[in-house]
Every structure is written in C-alpha cells, then in structure tokens.
Amino acid sequence: MDTVALFFTGALVAGGIYWFLCVLGPAERKGKRAVDLSGGSISAEKVQDNYKQYWSFFRRPKEIETAEKVPDFVDTFYNLVTDIYEWGWGQSFHFSPSVRGKSHRDATRLHEELAVDLIQVKPGQKILDVGCGVGGPMRAIASHSRANVVGITINEYQVKRARDHNRKAGLDALCEVVCGNFLEMPFDDNSFDGAYAIEATCHAPKLEEVYAEIYRVLKPGSLYVSYEWVTTDKFKPEDDEHVAIIQGIERGNALPGLRNYSDIAETARKVGFEVVKEKDLAAPPAEPWWTRLKMGRIAYWRNHIVVQILSAVGVAPKGTVDVHEMLFKTADFLSRGGETEIFSPMHMILCRKPIS
C-alpha cells in the first residue's frame, strides 16, 4: 500500500511539475517554453556578465544618449529579455488598450491592425516595420493588409526568431526581416509605400534621427504612423514619485530618456513630415492598457519561481533570475505610470511625407 501511494504521489508531483513548467510556461501557447529560455545571441555563461554590463550603462548616462552607444545598449537588452518576453507576454512586445469582451490577444491584434489601416496601404505594397522585434505585429499586419512588410531590428537573435515565426505562420512570402540599426537603415531613398513603428522609436537617443531616416526611405505622399512612449501633461518633474516612476520605466526598458508628448509632433515637422493626426490612444475613454500587467501578477510570481528552479538546476543561464526580477519590478513601474496617467506607451502620431 505504501509503495502504491508513493508511486501515485511521485506521479502526481511529476505531472504537476510538467504542467507548471511546460503547460503554464508558454505565453498564450506561443511556442516559447520555460525550459528554452536563453540569453539570445549571448552564450549561456555570459548572461550574468551582460546583465551587469547593461546596468553599467546607467552609471554613465551620457553614453546612452549618443548614437554610437545606443546599438550596444539596446542589443544587450534584447538579448537578455527576448525569450522572457516571448514566454511571459507573447510575440508582440507592446501594450494595447483593453477592449471589453475581447481577449488580450484580440486587443493586441486590433491595435496592430489600426496602425496599418491608418497608413492606408494596399495589398502588394511594401511597408516598413521600424523596430520589429520577433515580428508579432508584422505578421498580424501582413495577414490583415496583404502588404509586403519589411521589418528591421538591431538584434540578430530577434531576426532568427522572427524568421522562424514567419515561416511557421506561412507568411514568409509577405514578411522579411533585416538586422540593422534604424538610425542608419540599409534601404534606398523613397523605397517604401508606408511605415509604422509600434513602441520602438523610444529606444532612439534622439527622435529626430530615426524620424529623419524614416522620412528618407518613404516614397513622397506616403504615410507613417508611430505609437510613442511619452510622459503626459500630468507628469510633474518636481514630483519625486513621478520622477522615480519614469526612471524605473526607463531603466527597465533600455530607454535613453522618455520624451514628453509635446515633443513628438514638433520633431516630425522638423524633419519634413506633415502631421495628419495626433492622439493619445491610452487617454479616456480608452480602457486601461495596464490592466494586463495588474492581472498578471500571479503569473509573474509563478514564472519567477519557474525561472529560479530552472536556473538552480542549470537549465536556464545564470543571470536569468536577475533579468526576470528586473522585468517584474519594471512591470510595477509601468502600472504605476498608467494609474497616475503620467505615462503613455501609445501616443499616436500619423505623418505624411509631402509629395514635393
């Protein structure tokens, strides 16, 4: 009897561990499992060193304000976080307003489809995804519009992940991914019929530099839409709590410095764009975008336990626990930024490159 009980207890524990790690592990069954967590292009034994290197940038803040230092800074960040993002969040590395009666996945897709609807592209036209990550938005937009989407990301590991996802989704004929710096894009002048950036240009040390590059590669008359990370009119730089929240968001997301919402249109006009429309998609009556972060706190704790276990047994690279803890704390800063309404990750600006 004791042997039978022991057997069933062991089976139950083993089944529970499998369910905990492999069934709960993937984000919305997206394909990235907890046991596959890595450091991107960084070898496993160097993950912790690179995590320390990432934080060293903030001890030299002037360096992350320069175009020369930003590629290494952002590339290191995305090597560290890409697998955790995919596992814990999904393939679309951005936020979206909550939509009543819709799942987070559907709300995300609608937010992405809105971007391509705004730039009014036709099937077969070529559009640019500025800062494409692992291509979640790219695939949704290609499926919705049937346009040919070219994405650019600084991170080689994300290029590999995006191409794998594109192939599995049967969209590799519509989706192309290029490794490169969006401050110096390897594309000809006047070569795209439209462009979009979803929470990506916040990584640029100067918004003017990336907007000028987007302007250069767009055909005259084409539209560009961006969802920008900004501080809102409710942010008070003299308020210590506000400053702490914004600094927490910046440090946990590889940002050289958040811009104020009032700077966006001015920058677009400065490089030559006509501003067609500007709106904070997070502002009421939009449903709160941060509810997914608040509702996911149990999942974060569960995932953190999983990461600790996998790191302890040598499955996840040493340093993964530190990275996950950083992201956990960052989620709290983001939630507080949303609740206080001092931060928006979706200040939308729609621009047109003049015909002449």
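**Entry 1: asparagine 155**

I began with one side chain: that of asparagine 155 reaches the backbone nitrogen of glutamine 158 at 2.9 Å. I note here that the model is predicted.

Where does asparagine 155 lie? I found it in the loop between strand 2 and helix 6. I then looked at the start of helix 6. There, a side-chain oxygen of asparagine 155 comes to within 3.2 Å of the backbone nitrogen of tyrosine 157.

Next I looked for a side-chain partner. The side chain of asparagine 155 makes a polar contact with the side chain of aspartate 75, at 2.8 Å. I also listed contacts, leaving aside neighbours within four places in sequence. Asparagine 155 touches Asp75, Tyr78, Asn79 and Cys179.

Is asparagine 155 buried or exposed? Its relative accessibility is 0%, so asparagine 155 counts as buried.

**Entry 2: helix 6**

I moved on to the helix itself. Helix 6 covers residues 156–168, which is 13 residues. From first C-alpha to last I get 19 Å, close to the 18 Å expected at 1.5 Å a residue.

Which residues of helix 6 are buried? I wrote down Tyr157, Gln158, Val159, Arg161, Ala162, Asp164, His165 and Asn166. An α-helix has 3.6 residues a turn, so residues three or four places apart point the same way. I kept that in mind while reading the list.

What do these buried residues pack against? I found two helices, helix 3 (70–88) and helix 5 (136–145). I also found two strands, strand 2 (148–153) and strand 3 (175–179).

Just after helix 6, I checked glycine 170. Glycine 170 takes a positive phi of about 70 degrees.

**Entry 3: strands 2 and 3**

I turned to the two strands. Strand 2 and strand 3 pair in the parallel sense, over five bridges.

**Entry 4: cysteines**

How many disulfides does the structure hold? I counted zero. Cysteine 175 is in no disulfide; its nearest cysteine sulfur belongs to cysteine 132, 9.5 Å away. Cysteine 179 is in no disulfide either, and the nearest cysteine sulfur, again that of cysteine 132, is 9.3 Å away. A disulfide would need the sulfur atoms within 2.5 Å.

Cysteine 175 has 7% relative accessibility, so it counts as buried. Cysteine 179 is partly exposed, with a relative accessible area of 34%.

Technical notes: Residues are numbered from 1 along each chain as its sequence is written. This is a predicted model: local features need pLDDT of at least 70, side-chain atom pairs count only at pLDDT 80 or more; totals for chains, interfaces and linings use all residues. Side-chain values use heavy atoms; hydrogens and water are left out. Helices (H or I, at least four residues) and strands (E, at least two) are DSSP runs, numbered from the N terminus. The expected span of a helix is 1.5 Å times one less than its number of residues. Buried means under 20% relative accessible area, exposed over 50%, partly exposed in between (1.4 Å probe, protein chains only). Contact means heavy atoms within 4.5 Å. A polar contact is a pair of N or O atoms within 3.5 Å; within protein, one must be able to donate a hydrogen and the other to accept it, and residues adjacent in sequence count only if both atoms are side-chain atoms. Two strands pair if DSSP finds at least two bridges between them.
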